[in-house]
Amino acid sequence: MAVKSLSENETAPDDDTRRTLLRHMLVARGVDEEARRLQKQGVLDLWPSCEGHEAAQVGSALAAGPAATVVPSYREHAVALLRGVTPEELLAQWTGRTFCGWDPHRVRFFPYTMVLAAQTLHAVGYAIGRRMQGLEDFVVVYVGDGATSEGDMSEAMNLAAVESASVLFVVQNNGWAISKPAEEQMRTSVAERARGFGIASAAVPGRDPETVFAACSRAAAHIRGERAPFLVEIRVGRINGHTTADAQEVYRSSDDIARTKAADPVTGYADRLRGQGLVDAAWFAAVETEVREIRERLTKEYA
Amino acid sequence: MTGTVRSPCLAESINTALADLLDQDPRLVLIGEDIGRLGGVFRVTRGLRERFGADRVRDALLAESTIVGQAVGMAMSGLVPVCEIQFDGFTYPAVNQLVTQAARVGGRWNGRISPSLVVRIPTAGGFRGVEHHNDSNEALFARVPGISVACPSTGEDADQILRYAVALGSPVVVYEPIRLYWRRSSPPRSAEPARSPTAARVVRRGTDLTVATYGAITDEVLEAAHDLAPDVDVEVVDLRWVAPLDMDTVLESVGRTGRLLVVHEATKDVGIGAEIAASVAEYGHDALRGPVRRLAPDRRAYPPGDFEKDYMIGVREIRDEVLVMTK
Ligand SMILES: Cc1ncc(C[n+]2csc(CCOP(=O)(O)OP(=O)(O)O)c2C)c(N)n1
Ligand SMILES: [Mg+2]
């Protein structure tokens, strides 16, 4: 069997893309920090932080490209922002104003779905429906490690495989479903499980956005070339609790939490690009200004 | 007995309506287990795959959550999916997608999409079906905001309901009584049309008592009413929809007759009859000459075939109940 493969080089991001990756990661981090601050003040009812997931989210979303429709779970804030959801729109539902603060059509980023894995079937159905109408049918669906135990996830993988739907499944495996460790959630990796359904897959570490970008670019090329689904499982670290409502110290060792914080993808990638001379102090200052303005706008809007 | 009339049966009317809709609207797709090659286990979709292709008359994977879940995604993409669940008792794996997703996506999108999505469910008993093939779970969905629930008892009504449902912009569950699919003769009904596609229908005019009912058992109610005439003159309201309930038509009827009996095949407790009785107590009390009564099976599982006669409400029970109420 001839296996088509793109080499690392063909999918590695160029320098502009690398700066873009870092900028989106830093903005997402700033918004997340502000959201957590506002939640502590009682302005937000709840916030599921995406700290630690930024490289996975930004790398996958950038690789999928603007034509793809994104069907998120509920923690894909960095993807949302990258797709053009404004920070004000992103926070609106967590302040209790609405169930969805943005126009999903405008940004091709669907509303968050709180019922775990329900969105995976919507994603496949949407891709099938778009293909039937002769429209762009590439869909990216996000799901967490715990949610892959839901029947809908297995059904969606099987449906996507049988229908050969143009769906990229992005599993962010942060090792936890609230307090349940991923090792107790499954005996195999999700990537391995996907193959059992007849879906090509890859498992990649999620600390380096370039690795994620490359893997998801290859996955996207596979989907567009073969008109068949692909699953990428990205191992990430969850820096904060599941949401602002739980104290992870109750079920997670302090060592583990410290290790995850130390492996922060945002500071890691910032240091790397700085070290390589791709970004300088002036560049960081500009991003900081942008983030400060966003935070001020959020405070003004909601606090 | 006033005899019976022959009319196109329910399955034929639905088949014709679906063919028409597929013909008129390229966005319409049918999804269900065995609906294509076989034409459905009740042959309701017979011939449609040959005529409209396997892409539009889709033999679904054997998974009910998949059927409705993908339909939600298809509806978001601009298609109008009409799903078939094989039997009422196999609806449950799809309940999550119906209740938490189909019913809510329009609101979640702040009205930016209003997806039309129809789920057809063969329902009810009376044909010695094996376990889970005789259920009546319409009340389950009737209390879910965002879902409309239709219970047609004739082919003509099913046709009107389907045409309305595919354009509604929110999900509709249509319960199709299995024992009516191929029944060709039924008690005569008044030709009076319903006031609107979602309105109830006064299928027999009378002066002494109103029976509000819906679905397959409407035929038994009509038969009982004809049997009782001319001694007792029963008015029969076929609700046709249990969500929304057309209480206006029921209250107007009770205003004329002063008595109300609700008859349904689904179990009595916390059912459609309770809702109607409560509404009449609230808004129609002045018109009542006696207490509202309900006639429906006790709260127990649909039994094995040998015991179904004992479980189901028959013509005799309806007649007896009316006589007690009008004594
Ligand atoms: C069907 C369903 N069951 C339970 C919940 C409650 N719940 C919300 S998030 C969550 C854990 C999900 O873990 P995972 O899929 O790994 O995603 P993560 O939160 O780690 O990103 C649970 C149990 C839910 N939202 N939906
Ligand atoms: Mg997780």
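I take two strands as paired if DSSP finds at least two bridges between them. The model I am reading is predicted.

**Entry 1: the sheet in chain A**

I looked up the strand order first. Five strands form an open sheet in chain A, ordered β1-β2-β3-β7-β6. The pairing is parallel. I then checked the edges. They are β1 (69-71) and β6 (200-205) of chain A, each pairing on one side only. From one strand to the next, the twist averages 20 degrees.

Three bridges connect β1(A) with β2(A), residues 139-144, and the two run parallel. I noted one pair of partners: A:Val70 bridges to A:Val140 in β2(A).

**Entry 2: helices on that sheet**

Which strands does helix α7 of chain A touch? I found β1, β2 and β3 (167-173) of chain A. The helix covers residues 118-132, and its direction makes about 170 degrees with that of β2(A).

I went on to helix α8 of chain A, residues 151-163. Helix α8(A) lies across β2, β3 and β7 (230-235) of chain A. Its angle to β3(A) is about 150 degrees.

**Entry 3: A:Asp152**

I picked A:Asp152, which sits in helix α8 of chain A. Is A:Asp152 buried or exposed? I find it buried, and without a salt bridge. The nearest side chain of opposite charge is B:Arg108, 11 Å away. A salt bridge needs a nitrogen-to-oxygen distance within 4 Å.

I looked for other partners.

**Entry 4: strand β2 of chain B**

I turned to β2(B), residues 28-32. How many of its residues are buried? I count five of five, so described on the cut-off of under 20% relative accessible area.

Side chains in a regular strand alternate between the two faces of the sheet. I checked the directions here. B:Leu28, B:Leu30 and B:Gly32 point one way from β2(B). B:Val29 and B:Ile31 point the other way. All are buried.

Last, I traced the neighbours of β2(B). With β4(B), residues 80-84, β2(B) pairs in the parallel sense over five bridges. There B:Leu28 stands opposite B:Val80. With β3(B), residues 57-59, β2(B) has three bridges, again parallel. In that strand, B:Arg58 stands opposite B:Ile31.

Key
Residues numbered from 1 in each chain as written. Chains lettered and ligands numbered in written order. Predicted model: local features only at pLDDT ≥ 70, side-chain atom pairs only at ≥ 80, totals over all residues. Heavy atoms only, no water. Helix = DSSP H or I, 4+ residues; strand = E, 2+ residues; numbered from the N terminus. Axes fitted to C-alpha atoms, helices over the stretch in contact; angles between N-to-C directions. Contact = heavy atoms within 4.5 Å. Buried < 20%, exposed > 50% of the residue type's maximum accessible area, 1.4 Å probe, protein only. Lys, Arg positive; Asp, Glu negative; His and termini not counted.
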